[in-house]
Amino acid sequence: MSRSFKKPTFSQQAPLIDLALVEQAPGETRVALLADGVVWEVHHLRDNTLTPGDVILGRVRGKAPGGTAVFVDIGAARDGFLAAEDCAPRDATGQPPALPPEGSAVLVEVAIAPRAEKGAKVTMALSLTPQGCADSGLMVYTPLRPGIGISSKITHKAERQRLQAWAAEAGLEPLGQEGVVLRTRAFEAPEHALSEALTAARQEWAALKRWASQAKPPCRLRAAKDSEGGPLGVALNGRQVERVICAGAGAWEAACAGRPDLREQTVRARSSGSLFSVEGVDEAIEEALSPLVGPLTIEQTAAVTAIDVDSGPATAEQTNAAMVLEIARQIRLRNLAGMIVIDFAAPRSGAQAHKRQLAQALAAVLANDPAQPTVLGVSAMGLVEVRRPRRGPPLADLLLGPQRARPQAGALSPEAAALAALRAVVGVGAHSPGFLPLLKVSAAVGDQLRGPLRTALSEAEQRIGDRLPLEDVGAKAPSWWDILDRRGHRP
């Protein structure tokens, strides 16, 4: 796929996100973030996927090899991993309790989402964002971890003293059982707002304990996206935008509820077609699943992501300067994480100095990346090295599946294909009244729709106002599906 690139100078900065597109579909809400009409981020928030911040009542299956951790059944394909240091509450000396015994129920929070062939990392030291208060962004409540933390961005000495005094009056003790981390928005926040947020957090903790006493593990008691402003809140992560466009049943209402401060900028999509298709997001996703983007070759492995820059007919200096901004965009669009090495085109002279300049330029462009990556510099081999913290699975893993499990290059995973099929069915139903859908599927897609995605299938049936029969077709690729009318014609 060809693409025309803007040619930034070394001083160019990444543009700020100004538009959010929210598309709600059965089993999944997709959010795309654009800047100056270009897609920079795409977030897939699936109803059946565990994400960091989810609170789950799990059951201990047994000890891990070495005896310093236990495996916890959290209702996922793979058990969660609970290390000894993540058990809570700690005693007066700061030591964690003993590992919970096999068969016991434990209330845990997902700390690191499951990926590839690894289960989720979980912790008993929960961190709760207050709900049901005027400003949920003032603090994080830690019911089993004592201490009063204050954002490092609040540097005003008198203000830090005021917040410490408020915490003491609120009954928060440095060596007690509960604690809070006061966020940057707590700066100059009135005491009544802080107290309201703390009361809401304590009430939520009491509700979680009550639900845990009544529920049967494994059971998800709270989804992170519901406590962080819904899909829009999770994708924006506190950022502001000039406009939000929503499509799909309940998308506008959820966006307004999740980010009420953006209500005036939030509108419903005018087009009845796929919002992502109309706005070019699907094309950007297709591009991000290919290793070739213009003069860039992007290869992901389990250990490292390599980005190679081909100078082509232009000089190395010209191509490298033009690609700095695009590399930053591709890193965010593909949600690359871990170690990233970039092999810029080598100039005829002054290669090391030139690449040090490129590293500085890349650091400037990545400065507003919400993952806060670090540009480590230029290696002895002339590679610019970047380390980017993990924020969910890379886009390719999410849509194509883990590399070891991918049936063929470019093929969607059965889960992604099943969700795409449901989106298509709902779209056909909206445009073709009276259509009687029949969804033909491969065995793998059928297994998804009858298993993990059965709730999404039911939601699609509600949306179209009709049952959606599935017909298995043998000898088809794992991602194959097709829509027909039950009377034999196509939509």
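Visitor: In which sense do strand β17 and strand β18 pair, and over how many bridges?

Guide: Strands of a sheet pair through backbone hydrogen bonds, in either a parallel or an antiparallel sense. In this predicted model, β17 (residues 305-309) and β18 (residues 338-343) are parallel, and 4 bridges link them. A306 stands opposite V341 of β18.

Visitor: How does strand β16 run relative to β17, and how many bridges join them?

Guide: Strand β16 (residues 296-300) runs antiparallel to β17, and 5 bridges join the two. The bridge partner of E299 is A306 in β17. Together β16 and β17 form a hairpin, with 4 residues between them.

Visitor: What is the order of the strands in the open sheet?

Guide: The sheet has 6 strands in the order β15-β16-β17-β18-β20-β19, and its pairing is mixed. At the edges are β15 (292-293) and β19 (374-378), each of which pairs on one side only. Helix α9 (residues 351-365) packs on this sheet and touches β18, β19 and β20 (384-388). The direction of α9 makes about 175° with that of β19.

Visitor: Which residues of β17 belong to the covered face, and which to the uncovered one?

Guide: In a regular strand the side chains alternate between the two faces of the sheet. For β17, the covered face holds T305, I307 and V309, while A306 and D308 form the uncovered face.

Visitor: How far apart are I342 and R486 in sequence and in space?

Guide: I342 and R486 are separated by 144 residues in sequence and by 52 Å in space, taken C-alpha to C-alpha.

Visitor: What does T319 contact, leaving aside its neighbours within four places in sequence?

Guide: T319 is in contact with V309, D310, S311 and A314. T319 lies in helix α8 (residues 316-333), and at a relative accessible area of 8% T319 is buried.

Visitor: At what angle do helices α11 and α12 pack?

Guide: Two packed helices are described by the angle between their axes and the distance between the axes. Helix α11 (residues 414-431) and helix α12 (residues 443-450) pack at about 75°, with axes 8 Å apart. The two helices are therefore roughly perpendicular to each other. P414, E415, A417, A418 and L422 of α11 make the contact with A444, V445, Q448 and L449 of α12.

Visitor: Which residues touch the most other members of the largest nonpolar core?

Guide: They are W166, L182 and L194, in a core of 49 residues. Among the elements that each supply at least two residues are β4 (55-63), β7 (105-112), α1 (157-169) and α2 (191-214). Helix α2 gives the most, with 9 residues. Leaving aside neighbours within four places in sequence, W166 is in contact with M139, L172, L182, E191, L194, S195 and L198. A second, separate core has 44 residues, including C256, A322, I327 and A359.

How values were computed: Residues are numbered from 1 along each chain as its sequence is written. This is a predicted model: local features need pLDDT of at least 70, side-chain atom pairs count only at pLDDT 80 or more; totals for chains, interfaces and linings use all residues. Side-chain values use heavy atoms; hydrogens and water are left out. Two strands pair if DSSP finds at least two bridges between them. Contact means heavy atoms within 4.5 Å. Axes are lines fitted to C-alpha atoms, for helices over the stretch in contact, and angles run from 0 to 180 degrees between N-to-C directions. Angles under 35 degrees count as roughly parallel, over 145 as roughly antiparallel, 65 to 115 as roughly perpendicular and the rest as oblique. Buried means under 20% relative accessible area, exposed over 50%, partly exposed in between (1.4 Å probe, protein chains only). A nonpolar core is a set of buried Ala, Val, Leu, Ile, Met, Phe, Trp, Tyr and Cys residues joined through side-chain atoms within 4.5 Å.
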